[in-house]
Amino acid sequence: MKKPWVLIAGIALLGVGAIVMVNSNSPKPTPPAHEHQLAQTPVQPAAPTAPTMPAHFEYAPSRSSLGPTLDPQKFTGLVREAYRAAREIPQTLAQLPCYCHCDRGMGHKSLHSCYEDEHASECATCINEALLALKLEKEHKLTPAQIRDRIVQEFGQ
């Protein structure tokens with residue numbers, strides 16, 4: 001009873017192998033003449049690329065378009081203060097990147113997103129960025145763009 005399945009699997013493997021062999025033997029397209037000239041020119045090493053800045057809004061989204069942040073009373077200590085900052089300056093936090101890079105793994109759109117769930121409660125980077133943003137906005141009267149520059153300077157290295 002197992003023999004027909006083994007035979008079918010063997011035929012399928014032979015078919016895949018034949019396709020691979022045919023594709024590997026097919027002639028490669030020849031590059032245009034100008035590409036031959038480029039190949040003779042010495043290649044300069046690429047400059048090191050800057051680390052990618054995490055997701056953020058360049059301009060303040062409307063307050064109503066941002067998702068609600070969690071209630072600060074749910075937390076204690078610095079975590080509570082950070083969630084308070086998120087409630088107090090949501091549009092500023094939306095314009096800031098979060099350097100724990102939660103935009104990659106969690107799909108966050110900005111530092112503000114970290115406070116829409118419990119992620120920030122477990123992340124020192126999120127907490128420190130929000131508290132610094134609040135301090136810079138309130139005490140030093142910096143704009144969100146200036147705050148973003150400081151965040152990049154302190155956390156982006």
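Buried here means under 20% relative accessible area, exposed means over 50%, and partly exposed lies in between, with a 1.4 Å probe and protein chains only. By that rule, F75 and Y83 are both buried. The model is a predicted one, in which local features need pLDDT of at least 70 and side-chain atom pairs count only at pLDDT 80 or more, while totals for chains, interfaces and linings use all residues. Residues are numbered from 1 along each chain as its sequence is written, and side-chain values use heavy atoms, with hydrogens and water left out.

**Aromatic cluster**

- Rings of Phe, Tyr and Trp (its six-membered ring) pair if their centres lie within 6.5 Å, and planes under 30 degrees apart count as stacked, over 60 as edge-to-face and the rest as tilted; two aromatic pairs are counted by this rule.
- In the stacked pair, F75 and Y83 are 4.2 Å apart from centre to centre, with 15° between the planes.
- Y83 also pairs edge-to-face with Y115, at 4.8 Å centre to centre and 75° between the planes.
- This second pair links distant parts of the chain, since Y83 is in helix α3 and Y115 is in the loop between α5 (102-105) and α6, 32 residues apart; helices (H or I, at least four residues) and strands (E, at least two) are DSSP runs, numbered from the N terminus.
- Ring pairs thus join F75, Y83 and Y115 into a cluster, in which Y83 has a relative accessible area of 0% and Y115 likewise has 0%.

**Nonpolar core**

- A nonpolar core is a set of buried Ala, Val, Leu, Ile, Met, Phe, Trp, Tyr and Cys residues joined through side-chain atoms within 4.5 Å; the largest one has 27 residues, of which L93, L111, C114, Y115 and C126 touch the most other members.
- The elements giving two or more residues to this core are α3 (77-88), α6 (124-139) and α7 (144-155), and α6 supplies the largest share, seven residues.
- Leaving aside neighbours within four places in sequence, Y115 is in contact (heavy atoms within 4.5 Å) with residues including P68, L70, Y83, L93, C126 and A130.

- Most residues other than glycine have a negative phi.
- H101, although not a glycine, has a positive phi of about 60°; H101 lies in the loop between α4 (90-94) and α5 and counts as partly exposed because its relative accessibility is 24%.
- K141, in the loop between α6 and α7, has a positive phi near 55° and counts as exposed because its relative accessibility is 66%.
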